[in-house]
Amino acid sequence: MSRFSGTGVALVTPFKSDLSVDVEALGNIVNHVIDGGVEYLVVLGTTAESATLSKQEKELVKEIIVKTNNKRLPLVLGIGGNHTLDVVRELKETDLGDFDAILSVSPYYNKPTQEGIYQHFKAVSEASPLPIILYNVPGRTASNLLPETVIKLASDFDNIIAIKEAAGDMVQAMRLIKEKPEDFLIISGDDMITLPMTLAGGSGVISVIGQGLPNQFSEMVRLALKGNSKEASELHFQVMDAIDHIFEEGNPAGIKALLQELNLCKDTVRLPLIKASDSLKEKIKSAI
């Protein structure tokens with residue numbers, strides 16, 4: 001599963017001023033992150049504002065990314081939700097031929113028990129023809145996918161190969177790294193603690209800042225995977241302020257402000273999100 005070691009990037013969906021998908025900007029962003037040295041791309045995750053995209057727009061986004069990528073990097077597709085039967089149906093009905101794995105978020109809003117989460121991912125596993133990366137992000141889902149549940153899923157289902165761990169809890173991350181099956185990947189979902197997680201035995205990151213600063217961030221992760229903590233830390237300290245700033249007013253408003261500063265896309269987001277404030281844009285400009 002080395003295809004998913006290193007830096008994956010959760011791609012934004014750039015919009016024009018009229019809120020339509022900016023196809024040209026999306027292609028430019030894909031080329032920007034590939035040229036920057038990242039290892040794989042994540043399509044239609046939270047950062048893509050997928051909750052606000054129509055079915056037709058999602059198909060357009062996938063088409064543009066697949067075409068621009070042109071088989072250069074592995075592609076991970078976000079398919080998840082809080083209605084298990086709908087997730088299963090989407091897995092069965094979606095053409096997954098261009099993708100290498102699925103990223104599936106733990107069910108949100110319903111606040112299921114750990115057994116409910118286990119049964120949800122059991123159904124997802126049985127329906128998916130592709131390897132599955134679990135996604136734990138309690139700040140968005142209102143429930144925590146606990147290490148014991150993760151380890152049970154990893155042990156019981158061969159196609160559950162990794163977790164994107166975004167609880168922001170280093171103790172929980174360390175427990176996952178300590179107890180995981182040998183080939184199971186612990187992937188950081190939090191840019192700021194990617195370095196310590198990777199040095200402790202994690203497999204890298206699915207990143208937001210890696211989209212704006214792919215060279216520095218992906219090199220930091222590669223150094224950390226080699227155990228080179230000194231040089232990796234130097235790169236981490238270079239991007240720390242930018243990481244703080246892009247999440248200050250929510251994701252992806254911050255990263256889109258950074259991408260606009262790099263002339264890659266407009267900073268337009270769809271309601272209920274709003275653009276980064278002028279004061280935050282100045283902080284981001286200074287940080288990069």
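Helix α12 is followed by Asn263, whose phi is positive, near 60 degrees. Helices here are DSSP runs of H or I of at least four residues, and strands are E runs of at least two, numbered from the N terminus. The model is predicted: local features need pLDDT of at least 70, side-chain atom pairs count only at pLDDT 80 or more, and totals for chains, interfaces and linings use all residues. Residues are numbered from 1 along each chain as its sequence is written, and side-chain values use heavy atoms, with hydrogens and water left out.

Of the 9 residues of α12 (residues 253-261), 7 are buried, so the helix is largely enclosed by the rest of the structure. Buried means under 20% relative accessible area, exposed over 50%, and partly exposed in between (1.4 Å probe, protein chains only). The cover over the buried residues of α12 includes α1 (23-35), α9 (209-212), α11 (229-246) and α13 (278-287).

In an unreviewed entry, UniProt places the feature "active site" at Tyr135 and Lys164; such annotations may be inferred rather than shown by experiment. The two span 30 residues in sequence, yet no two of their C-alpha atoms are more than 4.7 Å apart, so they gather at one spot. Tyr135 lies in strand β5 (residues 132-136) and Lys164 in strand β6 (residues 160-165). Tyr135 counts as buried at 8% relative accessibility, as does Lys164 at 7%. Their side chains are joined by a polar contact of 3.5 Å, a term for a pair of N or O atoms within 3.5 Å, where within protein one must be able to donate a hydrogen and the other to accept it, and residues adjacent in sequence count only if both atoms are side-chain atoms.

The structure holds 14 salt bridges, each a side-chain nitrogen of Lys or Arg within 4 Å of a carboxyl oxygen of Asp or Glu. Among them are the following.

| Pair | N to O distance |
|---|---|
| Arg3 and Asp100 | 3.2 Å |
| Glu126 and Lys122 | 3.0 Å |
| Arg222 and Glu219 | 3.2 Å |

Arg3 lies in the segment before β1 (6-10) and Asp100 in the loop between α3 (84-93) and β4 (101-105), so this pair ties together parts that are 97 residues apart in sequence. Glu126 and Lys122 are 4 residues apart in helix α4 (residues 114-127), about one helical turn. Glu126 is exposed at 56% relative accessible area, whereas Lys122 is partly exposed at 28%. Arg222 and Glu219 are 3 residues apart in helix α10 (residues 214-225), again about one helical turn. Salt bridges that share partners join Glu39, Glu219 and Arg222 into one network.

Methods:
Contact = heavy atoms within 4.5 Å.
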